[in-house]
Amino acid sequence: MAQELKVTARHVDPVMVLDLQGDVTMFAEAELTRSYHLAVDNGARELVLNFAGTDYINSAGIAIIISLLTEARASGVSLVISGLSSHYQKIFRMVGLTQYAEVFDTVDDAVRELKSRTTAEPA
Amino acid sequence: MSSEKRIIHLHIPSELGYEKVAMGAARSVAQAMGFSGDRILDLQTAVAEACTNAMEHGNLLNAAQRVEVVMTVEENALAIDVNDKGADAHFAEPQIYDHNKHRGMGMYIIKQLVDEVQWSSRPQGGQVRMVIYLEPKEDAEN
Amino acid sequence: MPNKKRLVELRIPSIFGYEKVAMVTVMAVAARLGMSGERAEDLRTAVAEACINAIEYGNREDAGTPVTITVSIDDHHLIVDVRDRALGETRPHMGRMVDLQNPPSGTHANMGLFLIHHLVDKVDIVCRDNGTHVHMAMRLPEMVLH
């Protein structure tokens, strides 16, 4: 019944962007975890989860994001969030997610920020 | 996909404007079933016409009387019944659009927009049943 | 409840995904009543969470058992009542914020209730043998169309 989530990955140096299209609900679990693992298995260490193509996120979907964040933290992968509407940024703040993942308005903001950190590192 | 039917019931007041609520619900169901954007627009318009007809002619715009919209999700089709509490048989199936009969226009439009439509007058009120198919049943010849 | 007038009633099957029909329906009524923007989105999310709890815990995902959503108004509020038939366990207690050190193990119902509590102006939850009733009210903007 729900709009199935599709995740497409693209490389925007130096990060991997995962573009989400559809609903982020319990039905999104398989696709989200599959895409995350595929990216990490292919060597990605900095990921942007881009929510610009979603307009329905519920608590079940948030629980999936939390488990991805937990896994990322445990394995030293940097996972940031972009493209959330102001409403869903508020929701993520309410449930405490923003303490564990940086939230950017747009993918470009996220990429620019992560890139500047990479290039700022000493050689 | 399960072949079990899924049923959604919606009751709205007989107040013009509330057909938008029915349109939204129908759109939401049709989208999830995978109907194309164009087909969904057709369906929304058909539902709007059926509802306004039910409000105006069935329930005579008595806000306290409800219009009932029943959506049945089947494997290959979406059936939408719009029921009112109208006492008399207030519609006759239109064959062509007669400009002089404003009332008939809505019904004419519905007939062009959905795959099947049936009007009936039951003891509890009027009913229009509309069906759209995911794989349209094309006419054998034109 | 002063002058509570029922506007729209919706029954959906207890299948995940059908909460979207409830969300769209409530939003259409809210739009008619002049509610928009952030407040409308807050209500939309609260309705989604209430329906999901009803589907999952109240009705145990029994497709044939409906979740009933009623949209009403009184003098100052838009009211959404979500009712299940109490086939399963119900969880009226409020949840807490996420602590990633101790992440909630699959109980997003608590997160859902937490969100509802913080998104709507007033929420009451009544559990009876024949069903749980989540009653949510949002104050309407002053220029309300009746």
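Colleague: Where is C:Ser14 found in chain C?
Modeller: In this predicted model, C:Ser14 sits in the loop between β1 and α1 of chain C.

Colleague: Why does C:Ser14 count as buried?
Modeller: The cut-off is 20 or more other C-beta atoms within 10 Å. C:Ser14 has 23 C-beta neighbours inside 10 Å, so it counts as buried.

Colleague: Which residues is C:Ser14 in contact with, leaving aside neighbours within four places in sequence?
Modeller: They are C:Ile55, C:Asn59, C:Glu61, C:Asp62, C:Ala63, C:Thr65, C:Pro66 and C:Val67. As for C:Val47, it is 33 residues from C:Ser14 in sequence and 14 Å away in space, C-alpha to C-alpha.

Colleague: Why is A:Arg34 called exposed?
Modeller: A:Arg34 has 11 other C-beta atoms within 10 Å, so it is exposed. A:Arg34 belongs to helix α1 (residues 29-41) of chain A. Between A:Arg34 and A:Asp55 there are 21 residues in sequence and 21 Å in space, C-alpha to C-alpha.

Colleague: What span should the 16 residues of helix α2 (residues 59-74) of chain A have, and what is found between the end C-alpha atoms?
Modeller: At 1.5 Å a residue, α2(A) should span 22 Å, and its end C-alpha atoms are 22 Å apart, so the two agree. Among the buried residues of α2(A) are A:Ile62, A:Ile64, A:Ile65, A:Ile66, A:Leu68 and A:Leu69. After α2(A) comes A:Gly76, with a positive phi near 70 degrees.

Colleague: What makes α1(B) largely enclosed by the rest of the structure?
Modeller: Twelve of the 15 residues of α1(B) are buried, and therefore α1(B) is largely enclosed. Those residues include B:Val21, B:Met23, B:Val29 and B:Met33.

Colleague: Which elements do the buried residues of α1(B) pack against?
Modeller: In chain B they pack against β1 (6-13), α2, β2 (66-73) and β3 (77-83), and in chain C against β1 (5-12) and α1 (19-32).

Colleague: What describes the way α1(B) and α2(B) cross?
Modeller: Two packed helices are described by the angle between their axes and the distance between the axes. For helix α1 (residues 19-33) and helix α2 (residues 37-58) of chain B, the axes come within 9 Å and cross at roughly 145 degrees. The crossing is right-handed. From α1(B) the contact takes in residues including B:Ala22, B:Met23 and B:Ala26, and from α2(B) residues including B:Leu43, B:Val47 and B:Cys51. By class, the contact has nine nonpolar, three polar and two charged residues.

Colleague: How many helices and strands are there in chain B, and in what pattern?
Modeller: Chain B has three helices and five strands, and along the sequence they read β-α-α-β-β-α-β-β. Of the 142 residues in chain B, 40% are buried.

Colleague: Where in chain C is confidence lowest, and where highest?
Modeller: Helix α3 (residues 108-119) of chain C is lowest, at a mean of 85, and strand β2 (residues 67-73) of chain C is highest, at 98. The mean pLDDT of chain C is 86, with 82% of its residues at 70 or more. Where pLDDT is low, the predicted coordinates should not be read in detail. The model as a whole scores ipTM 0.86 and pTM 0.87.

Methods: Residues numbered from 1 in each chain as written. Chains lettered and ligands numbered in written order. Predicted model: local features only at pLDDT ≥ 70, side-chain atom pairs only at ≥ 80, totals over all residues. Axes fitted to C-alpha atoms, helices over the stretch in contact; angles between N-to-C directions. Helix = DSSP H or I, 4+ residues; strand = E, 2+ residues; numbered from the N terminus. Left-handed = near helix turned anticlockwise from the far one by under 90°. Contact = placed C-beta atoms within 7 Å. Nonpolar A, V, L, I, M, F, W, Y, C, P; charged D, E, K, R; others polar. pLDDT = per-residue confidence, 0-100. Expected span 1.5 Å × (residues − 1).
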